[in-house]
Amino acid sequence: NNKKNKKSKKKRRNNNKKKKNKEKKAQESKAEQDEEENEVVKPIKADLGANYMHKCWAGDDQPVFVLAQKHKIRVGLAAGGRFANTECAQWYDHRTGSKMDPLLIARCHVRSTKHHARMSKLALQTAGDADISIKQLLDQAVDYVSKRMRHKMTGLEKLIHNKITSRQWGYVSRLEDTGVALIRGEKTGLEGYEDMDEIGSSQHVRVVASRMVAQIRENEQPEIHICTKEKGGGQDRLVVDGYHGFLIDHLLSSLSPDSKKQQQQQPTNQILLNKSVSKVVIHDPKTDTNVSIKDSAYWGNGLDKKRNQNRKRSISVYCRDGSEYKCQYLICTVPLGVLKGRSEHSSICWVPCLSSMKRECIRALGMGTHNKVVMRFSESNVFWPPHTPQLLCPDPRFHFLNLHAYGKTGMMLCHVWPPYADSWVKLSDKQVTDQAVGVLKGMFQDKYAQKGNPKPLESVVTRWNTDPFSMGSYTYLKPGSTWDHIQILNLPHPQTGEPRVFFAGEGLSVKGFQCVDGAYESGVRA
């Protein structure tokens with residue numbers, strides 16, 4: 001009995017000790033959580049739209065790159081030379097949390113390159129048909145390469161392949177809604193690649209895998225430096241401090257008064273915010289009864305003061321708040337989604353209406369969706385590899401850009417492309433963020449658990465496709481559209497008589513299509 005009592009007392013003591021330890025750990029965990037919640041978080045800038053400079057290989061022909069050098073802005077080189085490079089990303093299995101076999105990733109990239117080569121050849125063979133989609137060419141290429149290599153892709157290989165191809169061509173539109181004009185005539189340097197049996201052999205895949213592993217290692221912890229042509233050559237640059245800090249401020253500087261005398265006067269150059277334009281009317285004195293000037297010399301030659309004043313009032317711009325503005329010329333830079341009239345809160349009525357050719361171009365071109373989830377964790381809770389810029393897994397929804405590696409402490413950016421970028425309409429921001437965190441949790445299971453299953457301190461979810469003043473992210477070529485549609489869309493309005501309205505934007509530049517430099521270049525031209 002004495003032995004039993006001693007054992008019983010010892011067991012109770014041990015249980016009490018365990019209980020106290022458990023309570024102590026719970027208290028410590030709660031204290032840490034409270035400390036984290038009460039932590040003073042300094043603001044960090046993150047671009048919700050464009051955050052890269054593309055086509056830096058163009059040198060002095062890339063105007064934004066030239067400005068970035070002039071203003072000495074801070075940049076970081078994109079891993080592998082271009083944004084969201086799948087070859088320079090470290091791949092993880094989101095189901096097991098382990099790194100994926102480099103040979104598997106290399107094999108999928110080699111196949112994708114062979115698919116690309118075959119697609120380029122098919123695009124030229126079908127030169128007379130503009131209605132073909134990228135998806136149709138890709139399906140044919142996959143079938144051809146599978147037969148040539150005598151190997152069909154496994155389920156996992158298909159997931160990896162889909163991730164690669166969505167980055168290549170589906171970053172703003174579904175592949176079935178992306179036109180062949182995007183790749184027709186491009187110079188790939190891959191002629192005959194799909195028929196070379198040595199490409200894709202075991203030895204070749206090993207070489208590619210070794211190169212990819214070396215690239216990932218070389219791109220660890222990218223250096224933040226002042227933008228120069230020499231450092232980084234033609235690689236894409238991440239604009240570390242955001243476009244607003246240098247490009248927007250640079251453009252705004254031209255509106256600042258140059259002297260005290262000008263400061264005292266009413267400024268003539270202004271930016272008026274919260275003005276939603278509903279209607280633009282170009283007055284013609286020969287037909288417009290609202291214009292009091294009846295003579296044919298209404299347009300004048302700029303020499304007569306009265307005539308010149310009339311010219312300055314030849315366009316009326318009406319806003320939804322009831323205000324009206326008069327001008328002589330107008331530059332319209334609204335996104336294609338607004339020109340399409342997708343939202344009643346931003347659509348514009350044109351009098352006279354836009355030409356049938358311009359309306360056809362607006363219809364033919366697409367306005368796609370590329371959304372982002374930006375999350376911020378406390379520095380102590382960074383549970384992913386802190387120095388690796390690009391992180392990927394086979395889950396098709398998210399492509400992760402590690403902003404922490406670029407000096408933005410605790411920040412992770414998720415690129416989201418169609419169809420997932422269009423599927424958030426019924427989801428709250430928290431639900432979208434939870435999905436992104438869930439995928440990261442799967443990729444880095446052990447580290448996430450060690451950090452106590454941390455939640456973001458804050459997060460932002462973009463919804464460009466439902467924003468009434470953009471109705472999409474940027475332009476793309478639909479099946480049936482060509483580069484000629486962009487050239488025609490550039491034509492001023494009206495197309496008879498004296499041009500009054502000029503158009504600009506990323507979708508109106510062939511040279512800088514879809515990019516900030518295209519928007520800038522087209523604005524200068526307008």
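Predicted model: local features only at pLDDT ≥ 70, side-chain atom pairs only at ≥ 80, totals over all residues.

Q: How many helices and strands does the protein chain have?
A: The secondary structure consists of 15 helices and 18 strands.

Q: And what share of the residues is buried?
A: Of the 526 residues in the protein chain, 43% are buried.

Q: What about the accessible surface, how much of it belongs to carbon and sulfur atoms?
A: The accessible surface of the protein chain is about 28,300 Å², and carbon and sulfur atoms account for 51% of that area.

Q: Of the contacts between residues at least 6 apart in sequence, what percentage join residues at least 24 apart?
A: For the protein chain, that figure is 74%.

Q: New topic: how many disulfides are there?
A: The structure contains 0 disulfides. Cys-349, for instance, takes part in none, and the nearest cysteine sulfur belongs to Cys-353, 8.8 Å away. A pair of sulfur atoms must lie within 2.5 Å to count as a disulfide.

Q: Let us move to helices. How does one describe two that pack together?
A: One gives the angle between their axes and the distance between the axes.

Q: What are those values for α2 and α15?
A: Helix α2, residues 63-70, packs against helix α15, residues 516-525, at an angle of about 100°, and their axes are 8 Å apart. The two helices are therefore roughly perpendicular.

Q: Which residues make that contact?
A: From α2 the residues are Pro-63, Val-64 and Leu-67, while α15 contributes Val-516, Asp-517, Tyr-520 and Glu-521. By type, 5 of the residues in the contact are nonpolar, none are polar and 2 are charged.

Q: Which residues of α15 are buried, and what do they pack against?
A: Asp-517, Gly-518, Tyr-520, Glu-521 and Ser-522 are buried in α15. The buried residues of this helix pack against α2, α7 and the strand β18, residues 501-503.

Q: How do the axes of α2 and α7 cross?
A: The axes of α2 and helix α7, residues 244-253, cross at roughly 100° and come within 11 Å. These helices are therefore also roughly perpendicular to each other.

Q: Which residues meet there?
A: Val-64, Leu-67 and Ala-68 of α2 meet Phe-246, Leu-247 and His-250 of α7. The residues of this contact comprise 5 nonpolar, 1 polar and no charged.

Q: What does Ile-105 touch?
A: Leaving aside residues up to four places away in sequence, Ile-105 touches Trp-91, Met-100, Ile-160 and Met-212. The C-alpha atom of Ile-105 is 9.7 Å from that of Gln-90, which is 15 residues away along the chain.

Q: Lastly, is His-204 buried or exposed?
A: His-204, found in helix α6, residues 202-218, has a relative accessibility of 18% and therefore counts as buried. The cut-off for buried is under 20%. Not counting residues up to four places away in sequence, His-204 touches Val-110, Tyr-193, Glu-198 and Ile-199.

Notes
Residues numbered from 1 in each chain as written. Heavy atoms only, no water. Helix = DSSP H or I, 4+ residues; strand = E, 2+ residues; numbered from the N terminus. Buried < 20%, exposed > 50% of the residue type's maximum accessible area, 1.4 Å probe, protein only. Contact = heavy atoms within 4.5 Å. Areas by Shrake-Rupley, 256 points an atom, 1.4 Å probe, with all protein chains shown as cover. Axes fitted to C-alpha atoms, helices over the stretch in contact; angles between N-to-C directions. Parallel < 35°, antiparallel > 145°, perpendicular 65-115°, else oblique. Nonpolar A, V, L, I, M, F, W, Y, C, P; charged D, E, K, R; others polar.
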